[in-house]
Amino acid sequence: MHPTYVRQSARSQRTSGLEQYKQEILEVRAAFPDLLTIVDKLIVSADGASAAVFWHSSGSFLGELQNVPATGRRVETRGSNLLTLKDGLITHESVTWDHAELLADLGIPSLKSAFEPDSEKVVVDVPGATLHPDSIKGFNRQFVTGVTVVTTIDSRGNPRGLAANSYASVSLEPPLVLVCVQKTAGTYGALFSSTHLGINIVSNAQRDVVSAFAAKIPDKFAHVKWHVGPDGSPLIDGSAASIEAEIKERFQARTHTVFVARVTHAEVSDVDPMVYKAGRFHDGGEPSTVVWTRFVRDPQELGGWREYYDRWNKCRSAPESTDWDLTLPIRAEDHLLSLPTFSKWGAELAAITAGEDHIIVCGVATDCCVLSTVFGAIDAGKSVTVVTDACAGVTDEAHQQAISLLDLLSPMVTLATTDEMITQSMQRTTASS
Ligand SMILES: Cc1cc2nc3c(=O)[nH]c(=O)nc-3n(C[C@H](O)[C@H](O)[C@H](O)COP(=O)(O)O)c2cc1C
(Lines give C-alpha, C1' and ligand atoms only; values in the text may rest on other atoms or scores of the structure.)
Protein backbone atom coordinates (compact mmCIF):
# COMPACT_ATOMS: atom_id res chain seq x y z
CA MET A 1 0.00 0.00 0.00
CA HIS A 2 1.13 3.52 -0.74
CA PRO A 3 2.06 5.62 2.35
CA THR A 4 -0.63 8.16 1.35
CA TYR A 5 -3.29 5.42 1.25
CA VAL A 6 -6.86 6.60 1.87
CA ARG A 7 -9.83 4.31 2.29
CA GLN A 8 -13.35 5.63 1.78
CA SER A 9 -16.61 3.94 2.67
CA ALA A 10 -19.07 4.31 -0.21
CA ARG A 11 -21.92 4.05 2.32
CA SER A 12 -20.96 6.61 4.95
CA GLN A 13 -18.31 8.54 2.95
CA ARG A 14 -16.09 8.09 6.03
CA THR A 15 -12.38 8.09 5.21
CA SER A 16 -9.49 6.47 7.05
CA GLY A 17 -5.73 6.40 6.58
CA LEU A 18 -3.35 3.48 6.80
CA GLU A 19 -2.96 3.46 10.61
CA GLN A 20 -6.70 3.74 11.17
CA TYR A 21 -7.32 0.93 8.69
CA LYS A 22 -4.82 -1.33 10.50
CA GLN A 23 -6.66 -0.57 13.73
CA GLU A 24 -10.02 -1.44 12.12
CA ILE A 25 -8.61 -4.76 10.88
CA LEU A 26 -7.36 -5.59 14.39
CA GLU A 27 -10.79 -4.73 15.84
CA VAL A 28 -12.63 -6.92 13.34
CA ARG A 29 -10.14 -9.80 13.83
CA ALA A 30 -10.63 -9.58 17.61
CA ALA A 31 -14.41 -9.63 17.19
CA PHE A 32 -14.32 -12.45 14.60
CA PRO A 33 -11.30 -14.62 15.54
CA ASP A 34 -12.15 -17.23 12.85
CA LEU A 35 -12.76 -14.68 10.05
CA LEU A 36 -12.02 -16.14 6.61
CA THR A 37 -11.96 -13.89 3.52
CA ILE A 38 -11.93 -15.27 -0.01
CA VAL A 39 -11.23 -13.09 -3.05
CA ASP A 40 -13.78 -14.12 -5.70
CA LYS A 41 -12.52 -11.94 -8.52
CA LEU A 42 -9.75 -9.40 -9.23
CA ILE A 43 -9.97 -7.18 -12.32
CA VAL A 44 -7.06 -4.84 -13.18
CA SER A 45 -7.46 -2.10 -15.81
CA ALA A 46 -5.25 -2.33 -18.90
CA ASP A 47 -3.18 0.71 -17.86
CA GLY A 48 -2.65 -0.70 -14.35
CA ALA A 49 -4.05 2.50 -12.77
CA SER A 50 -7.13 0.93 -11.19
CA ALA A 51 -8.46 -2.42 -10.06
CA ALA A 52 -11.64 -3.97 -8.63
CA VAL A 53 -11.72 -6.73 -5.98
CA PHE A 54 -14.81 -8.84 -5.26
CA TRP A 55 -14.69 -10.90 -2.07
CA HIS A 56 -16.71 -12.68 0.60
CA SER A 57 -15.98 -13.34 4.28
CA SER A 58 -17.44 -15.51 7.00
CA GLY A 59 -16.81 -15.73 10.74
CA SER A 60 -18.37 -15.93 14.20
CA PHE A 61 -19.16 -12.82 16.24
CA LEU A 62 -17.32 -13.74 19.45
CA GLY A 63 -15.96 -10.41 20.75
CA GLU A 64 -17.42 -6.90 21.21
CA LEU A 65 -17.32 -4.66 18.13
CA GLN A 66 -17.98 -0.91 18.24
CA ASN A 67 -19.67 -1.22 21.65
CA VAL A 68 -21.93 -3.96 20.34
CA PRO A 69 -21.82 -7.08 22.55
CA ALA A 70 -20.96 -10.38 20.85
CA THR A 71 -23.91 -12.55 19.89
CA GLY A 72 -21.98 -15.70 18.91
CA ARG A 73 -23.81 -15.71 15.56
CA ARG A 74 -22.02 -16.58 12.31
CA VAL A 75 -22.03 -14.02 9.56
CA GLU A 76 -21.44 -14.21 5.84
CA THR A 77 -20.76 -10.87 4.21
CA ARG A 78 -19.59 -9.80 0.77
CA GLY A 79 -18.24 -6.64 -0.77
CA SER A 80 -16.23 -5.04 -3.53
CA ASN A 81 -13.36 -2.55 -3.44
CA LEU A 82 -12.42 -0.13 -6.20
CA LEU A 83 -8.67 0.57 -6.06
CA THR A 84 -6.60 3.43 -7.50
CA LEU A 85 -2.99 2.35 -8.05
CA LYS A 86 0.27 4.22 -8.38
CA ASP A 87 3.47 2.38 -9.18
CA GLY A 88 1.69 -0.86 -8.29
CA LEU A 89 0.68 0.44 -4.80
CA ILE A 90 -2.87 1.25 -3.65
CA THR A 91 -3.32 4.98 -3.06
CA HIS A 92 -7.09 5.09 -2.75
CA GLU A 93 -9.74 2.49 -2.07
CA SER A 94 -13.50 2.91 -2.27
CA VAL A 95 -15.21 0.12 -0.34
CA THR A 96 -18.81 -1.02 -0.24
CA TRP A 97 -18.26 -2.50 3.19
CA ASP A 98 -17.52 -1.17 6.69
CA HIS A 99 -18.30 -1.98 10.32
CA ALA A 100 -21.90 -0.87 9.84
CA GLU A 101 -22.32 -3.25 6.89
CA LEU A 102 -20.91 -6.08 8.94
CA LEU A 103 -23.24 -5.38 11.87
CA ALA A 104 -26.18 -5.09 9.46
CA ASP A 105 -25.31 -8.50 8.05
CA LEU A 106 -25.40 -9.77 11.63
CA GLY A 107 -28.96 -8.50 11.97
CA ILE A 108 -27.88 -5.42 13.97
CA PRO A 109 -28.43 -2.49 11.60
CA SER A 110 -27.11 0.97 12.42
CA LEU A 111 -29.10 4.17 12.22
CA LYS A 112 -27.13 5.92 9.49
CA SER A 113 -27.97 9.37 10.89
CA ALA A 114 -26.38 8.50 14.24
CA PHE A 115 -22.99 8.00 12.62
CA GLU A 116 -22.94 10.94 10.23
CA PRO A 117 -20.09 13.35 10.90
CA ASP A 118 -21.23 16.39 12.86
CA SER A 119 -22.90 18.83 10.53
CA GLU A 120 -20.90 21.89 9.56
CA LYS A 121 -24.13 23.66 8.78
CA VAL A 122 -25.03 26.16 11.46
CA VAL A 123 -28.41 25.26 12.90
CA VAL A 124 -30.24 27.96 14.76
CA ASP A 125 -33.04 27.83 17.31
CA VAL A 126 -33.41 31.60 17.44
CA PRO A 127 -32.36 33.61 14.41
CA GLY A 128 -28.68 34.48 14.62
CA ALA A 129 -27.80 31.98 17.36
CA THR A 130 -26.13 28.58 17.14
CA LEU A 131 -28.18 25.63 18.35
CA HIS A 132 -26.92 24.68 21.78
CA PRO A 133 -27.35 21.16 23.23
CA ASP A 134 -29.17 22.80 26.15
CA SER A 135 -31.91 23.87 23.72
CA ILE A 136 -32.52 20.23 22.81
CA LYS A 137 -32.49 19.30 26.49
CA GLY A 138 -34.90 22.17 27.10
CA PHE A 139 -37.17 20.82 24.39
CA ASN A 140 -37.09 17.32 25.92
CA ARG A 141 -37.83 18.73 29.34
CA GLN A 142 -41.13 20.09 28.01
CA PHE A 143 -42.22 16.59 27.05
CA VAL A 144 -44.39 14.74 29.57
CA THR A 145 -43.91 10.97 29.78
CA GLY A 146 -44.54 8.10 32.11
CA VAL A 147 -41.67 6.08 33.55
CA THR A 148 -41.05 2.42 32.81
CA VAL A 149 -38.72 -0.20 34.22
CA VAL A 150 -37.28 -2.29 31.41
CA THR A 151 -36.30 -5.75 32.62
CA THR A 152 -34.65 -8.92 31.47
CA ILE A 153 -32.81 -11.98 32.75
CA ASP A 154 -29.02 -12.08 32.35
CA SER A 155 -26.93 -15.08 31.28
CA ARG A 156 -26.59 -16.19 34.93
CA GLY A 157 -30.36 -16.20 35.40
CA ASN A 158 -30.40 -12.99 37.48
CA PRO A 159 -33.15 -10.39 36.95
CA ARG A 160 -31.81 -7.04 35.63
CA GLY A 161 -33.53 -3.76 34.91
CA LEU A 162 -33.33 0.00 34.50
CA ALA A 163 -35.69 2.96 34.65
CA ALA A 164 -36.48 4.27 31.16
CA ASN A 165 -38.84 6.90 29.83
CA SER A 166 -37.88 6.38 26.17
CA TYR A 167 -40.70 3.85 25.73
CA ALA A 168 -42.99 4.37 22.74
CA SER A 169 -45.70 2.33 21.11
CA VAL A 170 -44.81 1.75 17.44
CA SER A 171 -47.95 0.04 16.13
CA LEU A 172 -50.90 -2.00 17.33
CA GLU A 173 -51.01 -4.38 14.36
CA PRO A 174 -48.46 -5.84 14.64
CA PRO A 175 -48.09 -4.98 18.36
CA LEU A 176 -44.66 -3.33 18.27
CA VAL A 177 -43.05 -1.16 20.94
CA LEU A 178 -39.63 0.46 21.27
CA VAL A 179 -37.27 1.56 23.99
CA CYS A 180 -33.85 3.26 23.73
CA VAL A 181 -31.14 2.12 26.12
CA GLN A 182 -27.78 3.74 26.72
CA LYS A 183 -24.83 1.45 26.02
CA THR A 184 -23.16 2.39 29.30
CA ALA A 185 -26.12 1.08 31.34
CA GLY A 186 -25.20 -1.94 33.43
CA THR A 187 -28.34 -3.67 32.16
CA TYR A 188 -27.42 -3.08 28.51
CA GLY A 189 -25.37 -6.26 27.86
CA ALA A 190 -28.02 -8.53 29.35
CA LEU A 191 -30.75 -6.77 27.40
CA PHE A 192 -28.84 -6.91 24.16
CA SER A 193 -28.33 -10.66 24.35
CA SER A 194 -31.88 -11.43 25.52
CA THR A 195 -34.61 -12.72 23.28
CA HIS A 196 -37.32 -11.05 25.40
CA LEU A 197 -37.75 -8.05 27.66
CA GLY A 198 -40.32 -6.82 30.16
CA ILE A 199 -41.64 -3.25 30.27
CA ASN A 200 -43.36 -2.14 33.46
CA ILE A 201 -45.18 1.18 33.62
CA VAL A 202 -44.39 2.51 37.07
CA SER A 203 -47.40 3.40 39.24
CA ASN A 204 -47.94 6.47 41.38
CA ALA A 205 -47.04 4.49 44.48
CA GLN A 206 -43.73 3.20 43.12
CA ARG A 207 -41.40 6.16 43.55
CA ASP A 208 -38.99 3.90 45.47
CA VAL A 209 -39.04 1.48 42.51
CA VAL A 210 -37.95 4.26 40.12
CA SER A 211 -35.23 5.32 42.56
CA ALA A 212 -33.85 1.78 42.77
CA PHE A 213 -33.97 1.15 39.02
CA ALA A 214 -32.54 4.57 38.10
CA ALA A 215 -29.53 3.87 40.33
CA LYS A 216 -26.44 1.82 39.66
CA ILE A 217 -26.87 -0.50 42.61
CA PRO A 218 -26.54 -4.28 42.80
CA ASP A 219 -29.55 -6.53 43.18
CA LYS A 220 -32.27 -3.95 42.45
CA PHE A 221 -34.89 -6.71 42.56
CA ALA A 222 -34.23 -7.30 46.26
CA HIS A 223 -36.25 -4.09 46.81
CA VAL A 224 -39.39 -5.12 44.88
CA LYS A 225 -41.85 -7.97 44.53
CA TRP A 226 -41.94 -9.40 41.02
CA HIS A 227 -43.11 -12.40 39.05
CA VAL A 228 -41.99 -14.09 35.88
CA GLY A 229 -43.82 -13.49 32.59
CA PRO A 230 -44.70 -16.39 30.25
CA ASP A 231 -41.45 -15.87 28.31
CA GLY A 232 -39.28 -15.51 31.41
CA SER A 233 -39.00 -11.71 31.79
CA PRO A 234 -39.32 -10.18 35.27
CA LEU A 235 -42.60 -8.27 35.70
CA ILE A 236 -42.81 -5.96 38.70
CA ASP A 237 -45.80 -6.38 41.04
CA GLY A 238 -47.87 -3.23 41.65
CA SER A 239 -46.99 -1.66 38.28
CA ALA A 240 -49.71 0.32 36.49
CA ALA A 241 -49.23 -2.12 33.58
CA SER A 242 -46.62 -4.61 32.39
CA ILE A 243 -45.87 -6.21 29.07
CA GLU A 244 -43.50 -8.86 27.87
CA ALA A 245 -42.17 -8.61 24.35
CA GLU A 246 -39.87 -10.48 21.99
CA ILE A 247 -36.91 -8.37 20.85
CA LYS A 248 -37.08 -8.14 17.08
CA GLU A 249 -34.59 -5.40 16.17
CA ARG A 250 -31.60 -3.74 17.80
CA PHE A 251 -30.80 -0.54 15.88
CA GLN A 252 -27.39 0.90 16.67
CA ALA A 253 -27.18 4.60 17.43
CA ARG A 254 -23.86 5.99 18.63
CA THR A 255 -24.58 6.05 22.36
CA HIS A 256 -27.84 4.09 22.50
CA THR A 257 -29.50 1.04 21.00
CA VAL A 258 -33.11 1.25 19.87
CA PHE A 259 -34.81 -2.03 20.78
CA VAL A 260 -37.93 -2.80 18.77
CA ALA A 261 -39.97 -5.61 20.29
CA ARG A 262 -43.21 -7.47 19.55
CA VAL A 263 -45.57 -7.72 22.51
CA THR A 264 -46.43 -11.27 23.55
CA HIS A 265 -48.14 -10.70 26.90
CA ALA A 266 -49.85 -7.78 28.71
CA GLU A 267 -51.04 -7.18 32.27
CA VAL A 268 -53.02 -3.98 32.95
CA SER A 269 -54.18 -2.73 36.39
CA ASP A 270 -56.37 0.23 37.30
CA VAL A 271 -53.60 1.85 39.38
CA ASP A 272 -52.58 5.36 38.23
CA PRO A 273 -49.27 5.64 36.41
CA MET A 274 -46.44 7.92 37.51
CA VAL A 275 -46.08 11.09 35.43
CA TYR A 276 -42.62 12.45 34.67
CA LYS A 277 -41.60 15.83 33.35
CA ALA A 278 -38.32 17.74 33.44
CA GLY A 279 -36.65 15.55 36.05
CA ARG A 280 -39.68 15.52 38.33
CA PHE A 281 -42.23 12.90 39.24
CA HIS A 282 -45.77 14.15 39.57
CA ASP A 283 -47.29 11.69 41.97
CA GLY A 284 -49.10 13.97 44.36
CA GLY A 285 -47.13 17.17 44.59
CA GLU A 286 -44.13 15.84 46.51
CA PRO A 287 -41.00 17.92 46.00
CA SER A 288 -38.83 15.65 43.95
CA THR A 289 -35.67 17.59 43.22
CA VAL A 290 -32.97 16.23 45.50
CA VAL A 291 -29.73 18.14 45.80
CA TRP A 292 -26.82 16.49 47.57
CA THR A 293 -24.24 19.01 48.73
CA ARG A 294 -20.65 18.23 49.64
CA PHE A 295 -18.08 20.31 51.40
CA VAL A 296 -14.79 19.91 49.48
CA ARG A 297 -11.60 21.66 50.54
CA ASP A 298 -10.17 24.46 48.40
CA PRO A 299 -6.40 23.71 48.49
CA GLN A 300 -5.63 27.44 48.22
CA GLU A 301 -6.89 27.87 51.82
CA LEU A 302 -7.53 31.56 51.24
CA GLY A 303 -7.51 33.97 54.20
CA GLY A 304 -9.12 32.62 57.35
CA TRP A 305 -9.53 29.15 55.82
CA ARG A 306 -5.84 28.46 56.63
CA GLU A 307 -6.60 28.83 60.35
CA TYR A 308 -9.70 26.67 59.94
CA TYR A 309 -7.67 23.85 58.36
CA ASP A 310 -4.93 24.28 61.01
CA ARG A 311 -7.67 23.71 63.58
CA TRP A 312 -9.29 20.83 61.59
CA ASN A 313 -6.16 19.35 60.06
CA LYS A 314 -7.88 16.04 59.31
CA CYS A 315 -10.07 17.90 56.77
CA ARG A 316 -7.01 18.75 54.66
CA SER A 317 -7.68 15.99 52.09
CA ALA A 318 -7.24 16.96 48.42
CA PRO A 319 -10.49 17.91 46.60
CA GLU A 320 -10.30 14.70 44.54
CA SER A 321 -9.78 12.50 47.62
CA THR A 322 -12.34 9.75 48.21
CA ASP A 323 -12.66 11.16 51.76
CA TRP A 324 -15.27 13.55 50.35
CA ASP A 325 -17.24 10.83 48.55
CA LEU A 326 -20.93 10.43 49.33
CA THR A 327 -21.65 7.14 51.00
CA LEU A 328 -25.33 6.90 50.00
CA PRO A 329 -26.35 5.94 46.43
CA ILE A 330 -27.48 9.04 44.55
CA ARG A 331 -30.20 8.72 41.92
CA ALA A 332 -29.56 9.54 38.28
CA GLU A 333 -31.94 12.50 38.46
CA ASP A 334 -30.44 13.97 41.67
CA HIS A 335 -28.09 16.94 41.67
CA LEU A 336 -24.66 16.98 43.30
CA LEU A 337 -23.17 20.28 44.40
CA SER A 338 -19.57 20.38 45.69
CA LEU A 339 -18.38 23.65 47.19
CA PRO A 340 -15.47 24.68 49.45
CA THR A 341 -17.81 26.84 51.55
CA PHE A 342 -20.03 26.10 54.55
CA SER A 343 -23.01 27.76 52.89
CA LYS A 344 -24.11 25.88 49.79
CA TRP A 345 -26.51 28.67 48.88
CA GLY A 346 -25.40 30.45 45.70
CA ALA A 347 -26.10 30.77 41.99
CA GLU A 348 -26.06 26.98 41.39
CA LEU A 349 -28.47 26.05 44.16
CA ALA A 350 -30.67 29.03 43.24
CA ALA A 351 -30.83 27.77 39.63
CA ILE A 352 -31.62 24.17 40.65
CA THR A 353 -34.39 25.27 43.02
CA ALA A 354 -35.79 28.00 40.74
CA GLY A 355 -39.56 27.64 40.71
CA GLU A 356 -39.63 26.07 44.21
CA ASP A 357 -40.94 28.37 46.95
CA HIS A 358 -40.22 25.85 49.65
CA ILE A 359 -37.16 23.70 50.30
CA ILE A 360 -36.44 21.02 52.89
CA VAL A 361 -32.97 20.90 54.43
CA CYS A 362 -31.19 18.19 56.39
CA GLY A 363 -27.57 17.23 56.92
CA VAL A 364 -24.48 18.02 58.93
CA ALA A 365 -23.41 20.08 60.68
CA THR A 366 -26.47 21.88 61.99
CA ASP A 367 -24.26 24.58 63.53
CA CYS A 368 -22.25 25.10 60.34
CA CYS A 369 -23.32 24.13 56.78
CA VAL A 370 -27.04 23.72 57.58
CA LEU A 371 -27.28 27.04 59.40
CA SER A 372 -25.36 29.07 56.80
CA THR A 373 -27.18 27.47 53.84
CA VAL A 374 -30.57 28.19 55.41
CA PHE A 375 -29.60 31.85 55.95
CA GLY A 376 -28.73 32.17 52.26
CA ALA A 377 -31.93 30.44 51.15
CA ILE A 378 -34.30 32.59 53.24
CA ASP A 379 -32.52 35.75 52.09
CA ALA A 380 -33.31 34.59 48.54
CA GLY A 381 -36.99 34.27 49.48
CA LYS A 382 -37.33 30.52 50.04
CA SER A 383 -39.38 29.18 52.90
CA VAL A 384 -37.33 26.45 54.53
CA THR A 385 -38.19 23.41 56.63
CA VAL A 386 -35.28 22.02 58.63
CA VAL A 387 -35.73 18.37 59.56
CA THR A 388 -34.27 18.47 63.05
CA ASP A 389 -33.61 14.77 63.66
CA ALA A 390 -32.08 14.43 60.18
CA CYS A 391 -29.39 16.95 61.17
CA ALA A 392 -26.50 16.63 63.59
CA GLY A 393 -24.14 19.19 65.07
CA VAL A 394 -20.51 19.03 66.07
CA THR A 395 -21.86 18.25 69.55
CA ASP A 396 -25.44 17.64 70.73
CA GLU A 397 -25.30 20.99 72.49
CA ALA A 398 -24.14 22.80 69.32
CA HIS A 399 -26.98 21.09 67.41
CA GLN A 400 -29.58 22.29 69.96
CA GLN A 401 -28.19 25.83 69.94
CA ALA A 402 -28.33 25.98 66.13
CA ILE A 403 -31.89 24.61 66.10
CA SER A 404 -32.93 27.29 68.65
CA LEU A 405 -31.37 29.93 66.42
CA LEU A 406 -33.19 28.59 63.35
CA ASP A 407 -36.46 28.63 65.33
CA LEU A 408 -36.01 32.38 65.80
CA LEU A 409 -36.29 32.75 62.03
CA SER A 410 -39.94 31.59 62.02
CA PRO A 411 -42.07 31.86 59.87
CA MET A 412 -39.39 31.76 57.14
CA VAL A 413 -37.93 28.69 58.79
CA THR A 414 -40.06 25.88 60.20
CA LEU A 415 -38.79 22.92 62.17
CA ALA A 416 -40.13 19.39 61.77
CA THR A 417 -39.11 15.84 62.67
CA THR A 418 -38.80 13.01 60.15
CA ASP A 419 -42.03 11.44 61.47
CA GLU A 420 -43.89 14.73 61.01
CA MET A 421 -42.58 15.05 57.44
CA ILE A 422 -43.71 11.51 56.56
CA THR A 423 -47.17 12.08 58.07
CA GLN A 424 -47.57 15.37 56.13
CA SER A 425 -46.43 13.69 52.93
CA MET A 426 -48.92 10.81 53.35
CA GLN A 427 -51.74 13.29 54.03
CA ARG A 428 -50.86 15.20 50.84
CA THR A 429 -50.76 12.00 48.78
CA THR A 430 -54.14 10.91 50.12
CA ALA A 431 -55.64 14.34 49.49
CA SER A 432 -54.44 14.36 45.90
CA SER A 433 -55.42 10.81 44.95
C1 LIG B 1 -37.10 9.04 34.66
C2 LIG B 1 -35.90 8.36 34.10
C3 LIG B 1 -35.89 7.96 32.78
C4 LIG B 1 -34.78 7.32 32.23
N5 LIG B 1 -34.83 6.90 30.95
C6 LIG B 1 -33.79 6.22 30.41
C7 LIG B 1 -33.88 5.70 29.09
O8 LIG B 1 -34.88 5.84 28.40
N9 LIG B 1 -32.82 5.01 28.60
C10 LIG B 1 -31.69 4.82 29.34
O11 LIG B 1 -30.75 4.19 28.85
N12 LIG B 1 -31.58 5.30 30.62
C13 LIG B 1 -32.60 5.98 31.17
N14 LIG B 1 -32.53 6.45 32.45
C15 LIG B 1 -31.29 6.30 33.20
C16 LIG B 1 -31.11 4.88 33.77
O17 LIG B 1 -32.26 4.47 34.50
C18 LIG B 1 -29.90 4.92 34.72
O19 LIG B 1 -28.75 5.23 33.96
C20 LIG B 1 -29.68 3.65 35.50
O21 LIG B 1 -28.69 3.92 36.48
C22 LIG B 1 -29.21 2.50 34.65
O23 LIG B 1 -29.02 1.41 35.54
P24 LIG B 1 -28.00 0.23 35.19
O25 LIG B 1 -26.67 0.89 34.86
O26 LIG B 1 -27.96 -0.62 36.42
O27 LIG B 1 -28.56 -0.48 34.01
C28 LIG B 1 -33.62 7.09 33.03
C29 LIG B 1 -33.64 7.49 34.36
C30 LIG B 1 -34.76 8.13 34.90
C31 LIG B 1 -34.76 8.55 36.34
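C362 is partly exposed, at a relative accessible area of 48%, where partly exposed lies between buried (under 20% relative accessible area) and exposed (over 50%), computed with a 1.4 Å probe and protein chains only. The structure is a predicted model, in which local features need pLDDT of at least 70, side-chain atom pairs count only at pLDDT 80 or more, and totals for chains, interfaces and linings use all residues. Residues are numbered from 1 along each chain as its sequence is written, and side-chain values use heavy atoms, with hydrogens and water left out.

C180 also counts as partly exposed, with 28% relative accessibility. The structure contains zero disulfides, a disulfide being a pair of cysteine sulfur atoms within 2.5 Å. C362 takes part in none, and the nearest cysteine sulfur, belonging to C391, is 6.0 Å away.

Oxygen atoms of the ligand lie 2.5 Å from a polar side-chain atom of T187 and 2.5 Å from a polar side-chain atom of K216. For K220, the distance from a side-chain N or O atom to a ligand oxygen is 2.7 Å. The protein buries 87% of the 650 Å² that the ligand exposes when taken alone, with accessible areas from the Shrake-Rupley method and a 1.4 Å probe.

T388 belongs to strand 21 (residues 383–392) and is buried, at 16% relative accessible area. Contacts of T388 (heavy atoms within 4.5 Å) are made with H399, I403, L415, A416 and T417, residues up to four places away in sequence not being counted.

H2 lies in the segment before strand 1 (6–9) and is buried, with a relative accessible area of 16%. With residues up to four places away in sequence again excluded, H2 touches L18, K86, L89, I90 and T91. The C-alpha atoms of H2 and P319 are separated by 51 Å, the two residues being 317 residues apart along the chain.

Note on methods:
Polar contact = N/O pair within 3.5 Å; in protein donor to acceptor, adjacent residues only side chain to side chain. Helix = DSSP H or I, 4+ residues; strand = E, 2+ residues; numbered from the N terminus.
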